[in-house]
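Thanks for making time this morning; I would like to walk through the ligand site and the pockets of one model, so please bring the structure up on your screens.

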Amino acid sequence: METIAERLKSAQITVKQSTLDAHRLSNSVKLLAVSKTKPVSDIVQAYESGQRLFGENYVQEGVEKIQALHTLDGIEWHFIGPLQSNKTRLVAEHFDWVQAIDRLKIAQRLNDQTSAHKPLNVCIQVNIDDDENKAGINKAELKDFAKTINALPNLTLRGLMTIPKANQSQAEQTASFAQMSVLFEDLKKQYSTVDTLSMGMSGDMQNAINNGSTMVRVGTAIFGSRN
Ligand SMILES: *Cc1c(COP(=O)(O)O)cnc(C)c1O
């Protein structure tokens, strides 16, 4: 059995090598460690190996971990799951980022519940494959939606996130990632705060990085499979 430290190291090497292979700057891709369902002790191991960015999917579980680990300096928490309106306050109060914004009502609540002293970083989730099983807004709605989100004063629009359709061919997946990259580059031209394209997970991070991802969300490859 490999340790979390060893698996984290492998994931870091994959990110670095994929970045070089894509002829991109060596520090242009961040690694978000997705710790959902994993115990606090696993997060501490990753932290002690230098990991600082962590992603959680479930509000209650995430908040408990954040509170348990509040003494760890420099740790950054990303909420990456779907969010219901009755849970927005906890997320606004505890997390640094919310990655999967796709409803105005949720964004407005987060805006109202976030302190103006510490804006909440947000990404808009795009349903790039028009997959009826996936959350996210459609490509055609993105421009208007981004404008609305950007106007909310306590939210900082950082970019886009996506989860491509499962079981696509490599070519289809590449096409989805490439479309996201075009949308991201367009958005970046319009908003100076935009710097993040969150795409790629344990199974597809190389392809995502090759197509312009700036943040991969990696769970299984670091913490092992989930029960
Ligand atoms: C669970 C999850 C991940 C991590 O997936 P792995 O395949 O375990 O790397 C990434 N992004 C989101 C939105 C997730 O829910």
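Let me begin with the shell around the ligand, whose residues divide into 5 nonpolar, 4 polar and 3 charged, where Ala, Val, Leu, Ile, Met, Phe, Trp, Tyr, Cys and Pro count as nonpolar, Asp, Glu, Lys and Arg as charged, and the others, Gly among them, as polar. Please keep in mind that this is a predicted model, in which local features need pLDDT of at least 70 and side-chain atom pairs count only at pLDDT 80 or more, while totals for chains, interfaces and linings use all residues. Residues are numbered from 1 along each chain as its sequence is written, and side-chain values use heavy atoms, with hydrogens and water left out.

The residues surrounding the ligand include Val34, Lys36, Asn57, Ile80 and Ile163, a residue being near a molecule if one of its heavy atoms lies within 4 Å of it. Taken alone, the ligand exposes 390 Å², of which the protein buries 87%, by the Shrake-Rupley method with a 1.4 Å probe.

The ligand takes up the space of the largest pocket, a pocket being, on a 1 Å grid over the protein atoms alone, an open set of points where a 1.4 Å probe fits, with protein on both sides within 12 Å along at least five of seven lines, and its lining residues having an atom within 4 Å of a point. About 420 Å³ of space lies in this largest pocket. Of its 28 lining residues, Asn57, Ile80, Gly81, Met161 and Ile163 are the closest to the centre. Strand 4 (97–101) and strand 8 (215–218) each give two or more residues to that lining, and strand 4 has the largest share, with 3 residues.

Finally, the second largest pocket has a volume of about 220 Å³, and its lining includes Lys9, Gln12, Asn27 and Leu31. Helix 1 gives the most to this lining, with 5 residues.

Note on methods:
Sits in = over half its atoms within 2 Å of the grid points. Points joined across faces, edges and corners; volume = space filled by probe spheres on them. Helix = DSSP H or I, 4+ residues; strand = E, 2+ residues; numbered from the N terminus.
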